Amino acid sequence: MSGWDEGAVYYSNQAQFTEASSEAEAAAASTTASRHSILLKFKEFIRNFEKEKNVFPYRESLVNNPKFLTVHLEDLLSFDSDLPSLLRSSPSDYLPLFETAAAEVLAGLKMKVAGDSGEMVEPQKGEVQILLTSKEDPVSMRSLGAQYISKLVKISGITIAASRIKAKATYVHLICKNCKSAKAVPCRPGLGGAIVPRSCDHVPQPGEEPCPIDPWLIVPDKSKYVDQQTLKLQENPEDVPTGELPRNMLLSVDRHMVQTIVPGSRLTIMGIYSIFQASNSSANHKGAVAVRQPYIRIVGMEETNEASSRGPATFTQEEVEEFKKFASNQDTYEAICSKVAPSIFGHEDVKKAVACLLFGGARKNLPDGVKLRGDINVLLLGDPSTAKSQFLKFVEKTAPIAVYTSGKGSSAAGLTASVIRDSSSREFYLEGGAMVLADGGVVCIDEFDKMRPEDRVAIHEAMEQQTISIAKAGITTVLNSRTSVLAAANPPSGRYDDLKTAQDNIDLQTTILSRFDLIFIVKDIRMYDQDKTIASHIIKVHASAQTVSNDSRTSKEENWLKRYIQYCRSECHPRLSEAACAKLQSDYVDIRRGMRQQANETGESAAIPITVRQLEAIIRLSEALAKMKLSHVATEGDVAEALRLFKVSTMDAARSGINQHINITPDMANEIKQAENQIKRRLGIGNRISERRLIDDLTRMGMNESIVRRAILIMHQRGEVEYQRERHIIVRK
């Protein structure tokens, strides 16, 4: 029963069925005639389709590139209304006919060539691959069902795996082991196999032994092959319903489309929805011979660029006019910042930084092949309940492409790429992580400080070079991860402690800090007026949360902002003006001088280094500010605002915290020394005590609390004591 649905036709040619057989012959003849007429139509389309007057795009394309021809179904529809519907309903019948027509047209367009004997002969017909494209909207991967089998479908998604190239036979050469007669059997395209006949056609002579059942042997060397590769396409993250796992679909590509796609690419594909018998399914499903696995045989493929990966890339004329009118206003910058997280009160500078991150700077390719990133990375560091995660959630909803992940639940492989072994073929393949899937968008990483240090190191390359290099299990490759990173973190002690220096509060390595363009320290400051305003704002948000009219307006505004960001990113690539360059240069030199002066006075370097990366950060911010206004030149005003943002964020973070060398009089130094001695006497080496209890004990002895805190802080910086969980102190020296 294994081959019951292989497509063989059994018939009995007996005398009483003469009428029926003649009808069948007539139907077959009419089918042949119609196929011939369709072949002529296809040939006429390739030869005579005009885009403009005397411009024949398909004919010229075929001469310039004889291997494959990309056909737009809209052009085919305008030429003949029947042909696209035939291709859609039964593509596996008419696509080979289209390819035959293209090969015949190509042979007719070529000149005669000299043969072996020196005479001019007709050129041999080569094979032409037809690739179909269409402007129709893709269908959802979840809606593909039995009604689509053997039909043309269009879907979009992200490739998560690509197999190695295999050789797929198009014709299998068979030889009979008894009579040695040869036969060529065609193979079904895609993942289908060949149907080998059970018996030999040879008629035995008298006295000759007849050929047995199943006499055929396959001769691999004489068979014809094409390249074939299988891909795995996963749903776009934004199309997955809440609480569901993303679906994936097996794809088969052949000939000139192999090795054109790397994992992580966003694709829109047209293909034939087909079925195949999985090799390992028979073991799991005993008796379920009619169950088949679906896959799509690709007949056309386009890579979705980063600007158009969510929603249509085309903008209507009304939208473009609306965007240009909005950009020409004087207060464009303020209007965009007011649309960023409107439910969050205050944090004006953080909102401006998030707006810059969403728009991004301009990516540059230098003549020597070096690529400079245009994406802006922002770190929000500070107290709990200061709306850090809300900013991340807003960006995830608003950015055209976004992936949200939490630091504790993310590993290095999950963020970059992992090598997985396929269960059926036992081959290794690459599966892209969050940084690869968000290529061209934003990665939001919450609880950044809770990540393991070795996992945090894995994203160093992705944040600066914007690539991810993999050398695992025999796979050596480089994946693109052109993403912005928006990270949120808490200080090591949970809250931001003003009595500590910047190094102690920002417990991250210098290498990762220098990759962030803006570092904001978000503090929960207790002020009566501000607390009252925030409380009334939050109560108002909660009270008006469920109103229907508001909700639809908010979602419409979010969608408008997303479309505007998409338009700006695709259309506008600003550069600095001469005056802006001069201003930026002088200001950067002044910042460096100020930091050097501070280092000389305090005797220690800043927690956040000010390097050339920070200069590039200011350039990117200036370009993002110009991009918001759809301006192709970043002016002095943009540079001034970028410098202001940089100073209120990264520069303030670098100068934050107290320093033990400042404002210490000789009397204070003496008191601090006494407090240190008392602490060492109170605690033996290796003993633990709560900080609060230690301070209480020493204040009972008549010491000033601020002096005791200062003494503990200085001892901590010298490494003599260290903090452990729940603010316990342990003496080390």
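How many helices and strands does the secondary structure of the protein chain come to? The count is 24 helices and 28 strands, where helices (H or I, at least four residues) and strands (E, at least two) are DSSP runs, numbered from the N terminus.

## Before we start

This is a predicted model, in which local features need pLDDT of at least 70 and side-chain atom pairs count only at pLDDT 80 or more, while totals for chains, interfaces and linings use all residues. Residues are numbered from 1 along each chain as its sequence is written, and side-chain values use heavy atoms, with hydrogens and water left out.

## The chain as a whole

Of the 733 residues of the protein chain, 42% count as buried. Buried means under 20% relative accessible area, exposed over 50%, and partly exposed in between (1.4 Å probe, protein chains only). Contact means heavy atoms within 4.5 Å. Among contacts between residues at least 6 apart in sequence, 72% join residues at least 24 apart.

In soluble globular proteins, nonpolar side chains tend to be buried together. A nonpolar core here is a set of buried Ala, Val, Leu, Ile, Met, Phe, Trp, Tyr and Cys residues joined through side-chain atoms within 4.5 Å. The largest one has 61 residues, and Leu 380, Val 395 and Tyr 564 have the most contacts inside it. Helix α9 (residues 348-359) gives the most to this core, with eight residues. A second, separate core of 32 residues includes Ile 158, Val 403, Ile 445 and Val 485.

Leaving aside neighbours within four places in sequence, Tyr 564 is in contact with Phe 323, Phe 326, Ala 327, Thr 332, Ile 336, Phe 359, Met 628 and Leu 630. Two of these partners, Thr 332 and Ile 336, are among the buried residues of helix α8 (residues 332-339). After α8 comes Ala 341, whose phi is positive, near 45°.

## Rings that meet

Rings of Phe, Tyr and Trp (its six-membered ring) pair if their centres lie within 6.5 Å; planes under 30 degrees apart count as stacked, over 60 as edge-to-face and the rest as tilted. By this rule there are 15 aromatic pairs. Phe 323 and Tyr 567 form a tilted one, with 5.3 Å centre to centre and 40° between the planes. This pair links helix α7 (residues 317-327), which holds Phe 323, to helix α18 (residues 548-571), which holds Tyr 567, across 244 residues. Phe 326 and Tyr 564 are edge-to-face, at 5.2 Å centre to centre and 85° between the planes. They too link α7 and α18, being 238 residues apart, and both are buried.

Elsewhere, ring pairs join Phe 42, Phe 45, Phe 49, Tyr 58, Phe 79 and Phe 98 into a cluster. Charges also meet rings: a charge sits over a ring if NZ of Lys or CZ of Arg is within 6 Å of the ring centre and within 35 degrees of the ring normal. The charged end of Arg 59 sits over the ring of Phe 56, 4.2 Å from its centre, and that of Lys 393 sits over Tyr 404, 3.9 Å from the ring centre.

## A proline in a helix

Where is Pro 84 placed? Pro 84 lies in helix α4 (residues 82-89). Pro 84 is buried, with a relative accessible area of 4%. Beyond neighbours within four places in sequence, Pro 84 is in contact with Leu 73, Leu 76 and Leu 77.
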